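The sequence and structure are shown first.

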Amino acid sequence: MTEPVLYSFRRCPYAMRARLALLASGTRVQLREVVLKDKPGALLAASPKGTVPVMVLAGGEVIDQSLNIMLKVLRDHDPLAWLPSTEDALARSLNLIARCDGEFKQHLDRYKYPHRFNLPDGHENRAQGAIFLVAINEVLCVQNYLHGPHWGLADAAIAPFVRQFAHTDADWFSAQPWATLQHWLQAFEASDTFERCMHKVAAWKEGDAVTWFPAG
Ligand SMILES: N[C@@H](CCC(=O)N[C@@H](CS)C(=O)NCC(=O)O)C(=O)O
């Protein structure tokens with residue numbers, strides 16, 4: 001088959017951003033839903049580090065970083081113009097995504113699972129993570145989307161992580177004075193793209209019939 005394989009996990013924010021880019025680029029893949037506690041041998045053979053998402057192209061090339069999957073499929077086909085159109089704009093988007101994947105993600109993990117880090121609670125990390133949220137709320141106050149006038153790479157790469165943060169304590173999140181960010185997140189979660197991205201599939205095992213993504 002010429003369609004790439006995507007090893008994915010439905011609720012993983014990194015895998016979500018990859019699937020969002022697949023939808024935007026119109027790329028069809030053979031979707032292999034992974035159980036993180038029981039990773040298939042074929043995934044580990046392709047990428048021994050054992051994280052998802054992992055994309056295996058028809059020629060055997062393996063792309064094992066979510067952002068690189070987004071960039072690869074969008075560089076091949078970008079009908080919705082998700083890729084920034086200038087080098088400067090691309091650098092700004094990549095910088096914002098790096099802040100998300102770096103410091104913000106660290107605080108998100110500690111806020112969500114303080115006991116895993118021997119913390120009494122996640123309040124300090126919630127406050128630290130909020131610094132990034134304030135920054136992106138400010139961006140969204142001067143332009144409609146992180147990408148610019150329409151939804152694009154930075155929005156799709158960052159929204160799944162903001163969503164996790166928001167859902168950790170939904171009452172706290174909705175009480176914050178970030179109306180623009182809250183609206184941006186709600187619109188994402190209500191979108192057809194989000195629904196298609198979150199389509200439920202059974203866990204994959206060797207020998208299963210192909211599950212296509214997008215479905216149908
Ligand atoms: N830098 C990687 C991070 C991917 C990652 O950490 N994914 C998590 C799931 S959200 C994972 O696979 N963790 C391995 C595990 O839990 O065993 C990327 O951008 O793709």
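The sections below describe a predicted model, taking the ligand site and then the cavity.

## Ligand site

The ligand takes up the space of the largest pocket. Around the ligand are C12, Y14, L36, K39, G50, T51, V52, P53, D64, Q65 and S66. By class, this shell has 5 nonpolar, 4 polar and 2 charged residues.

## Polar contacts and burial

A side-chain N or O atom of K39 is 2.6 Å from an oxygen atom of the ligand. At V52 the backbone takes this part, with an N or O atom 2.8 Å from a ligand oxygen atom. A nitrogen atom of the ligand is 2.7 Å from a polar atom in the side chain of Q65. The ligand on its own exposes 510 Å², and 70% of that area is buried by the protein.

How many cavities of 30 Å³ or more does the structure hold? There is 1, and the volume of the largest cavity is about 60 Å³.

The lining of the largest cavity consists of S8, R10, R19, L31, E33, C197, H199, V201, T211, W212, F213 and A215. Two or more of the lining residues come from each of β2 (29-33) and β5 (212-213). Sorted by class, the lining of the largest cavity comprises 6 nonpolar, 3 polar and 3 charged residues.

Terms used: Residues numbered from 1 in each chain as written. Predicted model: local features only at pLDDT ≥ 70, side-chain atom pairs only at ≥ 80, totals over all residues. Heavy atoms only, no water. Near = heavy atom within 4 Å. Polar contact = N/O pair within 3.5 Å; in protein donor to acceptor, adjacent residues only side chain to side chain. Areas by Shrake-Rupley, 256 points an atom, 1.4 Å probe, with all protein chains shown as cover. 1 Å grid on protein atoms, 1.4 Å probe; cavity = no way out; pocket = protein on both sides within 12 Å on 5 of 7 lines; lining within 4 Å. Sits in = over half its atoms within 2 Å of the grid points. Nonpolar A, V, L, I, M, F, W, Y, C, P; charged D, E, K, R; others polar. Points joined across faces, edges and corners; volume = space filled by probe spheres on them. Helix = DSSP H or I, 4+ residues; strand = E, 2+ residues; numbered from the N terminus.
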